[in-house]
Amino acid sequence: MRSFEEEKTDIAEIDRSVYDIKDKVDAGYTVQNGLTREIVEEISRTKNDPEWMREFRLKALEIYNGLDVPTWGPDLSGLNMEDITTYIRPKTDMQMDWDDVPDYIKNTFDRLGIPEAEKSSLAGVGAQYDSEVVYHNVREEVAAQGVVYTDMESALTGEYADMVKEHFMKLLKPGDHKFNALHGAVWSGGSFVYVPPGVHVDIPLQSYFRLNAPGAGQFEHTLIIVDKGAYLHFIEGCSAPKYNVANLHAGCVELYVQEGARLRYSTIENWSKNMYNLNSKRAMVQKDGIMEWVSGSFGSHTSYLYPMSILKGENSRMEFTGITFAGNGQNLDTGAKVVHAAPNTKSHISTKSISRDGGVSTFRSSVSILPQAKGSKTATSCESLMLDSRSRSDTIPVMDIQTDDADVGHEAKIGRISNEAIFYLMSRGLSEEDAKAMIVGGFAEPIAKELPMEYAVEMNNLIHLEMIGSIG
Amino acid sequence: MNIENVNRLPAITWRHLKINDTIIENLPESIEKNNFSTFSSVSGITCTDQVNTLSAIETGMGKAAEDYVTANANVVNHFQITQSTKDPVFLSYSMSNKLSAVVSSQEIVTEAGTEVSFLFDYNSCDDSSVFHAGTTKIHAKSGSLVKLIYVQTLNDISLSWENLGIQLDDDARVEVTQILLGSKRALSGIKAKLAGNKSNFKLNCVYFGTEEQNIDLNFVSDHFGCDTNTDIVVEGALAGSAVKTLRSTVDFKSGAKRSVGRESEDVLLFSPTVRNRTVPLILCAEEDVEGQHAASVGKIDHDKLFYLQSRGLSELDAKKLLLEAKFSSAVEQIPNEDIQNRVRAYLERSVDANADNF
Amino acid sequence: MKSGLLNISDLKVSVEGNNILKGLNLTINKGETHVILGPNGAGKSTLAYSVLGHPDYQVDGGKIVFEGEDITDESTDKRAKKGIFLSFQNPEEINGITMVNFLKTAKKAVSDKPLPVLKFHKEMNQKMDALSINPDYAERYINVGFSGGEKKKAEILQMLMLNPKLAILDETDSGLDVDAVKIVSLGVKEYKNEENALLIITHNARILDELDVDYVHILENGKIVRTAGRELVDFISKNGFTALENQE
């Protein structure tokens, strides 16, 4: 844990809107151990929360204090729960020079071809303006269709305040687990999207831009409501490698897919390798609605990530396509959950995972078919690739079928790259590392196919980078 | 009394699913000792009532279940196989109000290169509630072969479990067939440690859960040696309000090069009130292995039904035929015709009793 | 005077401890077409894999020299870059990588310079057409779901695109129908010129009908036991290997 403690102090993500209050903070505040009512009220005040939100936060705080850190998954003992404020208050007084970014991260940016301006913005200097402009452009284009796309703080007090209040943390409740409670107490930033009935949003909305915008942070809340018959593709952008001092990410994503609507939610997560990514995502899908998840997990030190879909309405559907790549020092526990709660619902989970260089990847899932979900179908397929024997790959799926009128399929496979395939590619002139990278890229192709072009390209680059790092 | 942490998953998952392990409730506090005579030794098989040589071998149901059996055993056998035998070692318990509890603690050790088969049979001869709890530990030394067939057709108010721990040395083979048809609560746990190179573990478990039956299974195969092989096939059917939980794990330890582990499950569901829970784990810390799991759960295949009906069978007969077919390969493994027939008759009765659901 | 392309001397190769090649000698010069015939298990495919350096095929003695350079210990990709190509008897299926991307990557790797993309596509389309390969196959994953014949045609396509100095065809004609053999041999004919060479491993002579064969070698029990001209092919086609032994 030592090296990761050191890294933590190297650089911070800029996140001023909430925390530029540091001048006003009294000395006692910073030495408080644990999360106190004062801290939560302070956050609430600075954000000009409506009264109900202030109460909500305080209630969540109570729940937080009564819950234990989960012990069924990857080890979380590296998280400093005694001094949780370390994660909630990034140290804004820290050096934010690009020069202070550790070399290996800079090299990654260079190899990824991230432009200079963007690099600066990642280090928290200057480029905010650019991001904001792009963001606003996107916003205006979709606004013309009647779509609301705004940050959560404005949504709380704006035209859609009632809608937000009605849906906020109703799918993901503070009582679900300790980190949802924490989120409820200290959340800040994130997006609110409302797509009116029948509206088909042609361009994907990308929260990537928002992450560089003020107000975004590691406790961001995303609330999306796609109304009847509407369509939206939302891309959650942890796409650029992000180096973050507060290495706990406990965001919440709540998605409402109304009757006949369709929502595609894509993520390529590449947090820095000291991050504890304890993100919660849940979708409620009404009659004839379709929820599609595309999820790539490459970064983080430890991840707990299992987007859940509740198929609430008849004929609703969900598809989950995911890839996880765990390298040195990483323990990525990912997967999906689905509850079939209505007749003729369908789900399909398809995942791939790759473990190399001591990385641990776990596929974890839960598929429940409730007694009323007659005529439902579910299929799971997960494939794991082991690149060496220092790594681990586990598959932990649960199926709970409570009706006879269901069609359930499950397939899991684990193995390695075949030597014959490597030889075949090498016989055509590819070096061993290129051959392996190509085969791993091919393994990930079904996921890349589901991503917008630029993300697919980035994912392939990431795989190549990871692979080159792994050989020799 | 209750025992907890039974049939625990080697790697746990979300607690709210309540599937990580199970609990056995309302166990008799003490068991009447009886006067079963020990098996008399025959040529090639030495039998004593000293069981403690295999205490290091872990079992599928876990320590708590083991401890209960150790404390309460009224059948204690240690079998040492020094020479291959053709005829199966046959332990059959016809249980009734006169013989209402069999708690068996047994060990089987096969010396290098020997072959042996065991048939454990537990059946009810009246409708009184009976109890069977068993621990069987097997040490298959290099190149030996152990076949173990376990048939349980107790009545549907009984409680029974069989708890196996197996260690396989180089080139050893262990083949277990389990036929679980009776008991209100039936449990089975198996932990196989493939310690030796080229050792091979095969399991075929079939069950038919009806009415209020609760079946709880935990099968674990730990691959340590190189070129080891596991094949776990679980097939069953559920009717009435039966609940079945299957935990099945193939665990490739680092160094288990070129090992192969396969698990497959096929469940037919016959009633809207059944519950089928499955957790098929593959744990892997070795690159050079092949692990596979496949499960299929649902109603009877419509194409197969159609095919049989096109040959003149009624829908009901066709379904019965397909259901009985599921058990036939396991039943054929029973090296005793009388028991085969009894199992077939039991099955037929169960199928008929549940035909309304079909 | 023809210049030496491949020189194999006293090559001994074992696979998992079994000795397969037991002192094999073979020299191939530019412009030549060699044929290796032999019964199953004689070591024909072992020879092909050894020339490409398959890691499971252990060289216990002798050496392989290509264009005057000892390549016995070179990695497979280096050998490919030097201009050796193997058409596999059972080409690998690899998911997720399209044929066209694969060929582009391979072409870049063997030619070691930037690829003129438009020219590449034009050439590929043209060659696929000549080999009667459905144009959709360019976008399919490497050999995945290809029939036996389609796989072999895809191998010949790769050979034409990569344009090696020495092409080894391992049972390229096996399992093909008459028309497919014809198409494949036309492809091989198109490839062949005075600057390159061919080594054809087969146990049936059909593929040779359309080709000019310079030397025929009989490989038996890990050694070349006889070398002659084309007439040997005709003799074996007519009379079989046993007749050859009887003749001796």
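Let me begin with chain B, which contains four helices and 19 strands. Please keep in mind throughout that this is a predicted model. If we take the contacts in chain B between residues at least 6 apart in sequence, 84% of them join residues at least 24 apart.

I turn now to chain C. Here four strands form an open sheet in the order S2-S1-S4-S5, with antiparallel pairing. The edges of this sheet are strand S2, residues 18-29, and strand S5, residues 69-70; each has a single partner strand, so one side of each is left without a neighbour in the sheet. Strand S1 of chain C, residues 4-15, pairs with S2(C) in the antiparallel sense through nine bridges. Within S2(C), Asn19(C) is the residue that stands opposite Ser14(C).

Which residues does Leu166(C) contact, leaving aside its neighbours within four places in sequence? Among them are Leu5(C), Leu6(C) and Ile28(C), as well as Gly83(C), Ile84(C) and Phe85(C).

A second residue deserves a moment. Phe298(A) sits in the loop between strand S11 (290-297) and strand S12 (302-305) of chain A. Is Phe298(A) buried or exposed? Phe298(A) is buried, because 26 other C-beta atoms lie within 10 Å, and the threshold for a buried residue is 20 or more. Not counting residues up to four places away in sequence, Phe298(A) touches Glu269(A), Asn270(A), Phe325(A) and Leu462(A). Pro343(A), by contrast, lies 45 residues from Phe298(A) in sequence and 36 Å away in space, C-alpha to C-alpha.

Finally, the contacts between chains. Between chains B and A, 38 residues of chain B are in contact with 33 residues of chain A. On the chain B side, the elements giving two or more residues are strand S18 (275-284) and strand S19 (289-298). By class, that side has 20 nonpolar, 10 polar and eight charged residues. Strand pairing also crosses from chain to chain: strand S20 of chain A, residues 406-415, pairs with S19(B) in the antiparallel sense over eight bridges. One of the residues involved is Ile414(A), whose bridge partner in S19(B) is Gly291(B).

As for chains A and C, 20 residues of chain A are in contact with 22 residues of chain C. Helix H14 (419-426) and H15 of chain A each supply at least two residues of the chain A side. The largest share, nine residues, comes from H15(A). That side divides into 10 nonpolar, six polar and four charged residues.

Thank you for your attention.

Terms used:
Residues are numbered from 1 along each chain as its sequence is written. Chains are lettered from A and ligands numbered from 1 in the order in which they are written. This is a predicted model: local features need pLDDT of at least 70, side-chain atom pairs count only at pLDDT 80 or more; totals for chains, interfaces and linings use all residues. Two residues are in contact if their C-beta atoms, placed from the backbone, lie within 7 Å. Two strands pair if DSSP finds at least two bridges between them. A residue is buried if 20 or more other C-beta atoms lie within 10 Å of its own, exposed if 12 or fewer, and partly exposed in between; C-beta atoms are placed from the backbone. Ala, Val, Leu, Ile, Met, Phe, Trp, Tyr, Cys and Pro count as nonpolar, Asp, Glu, Lys and Arg as charged, and the others, Gly among them, as polar.
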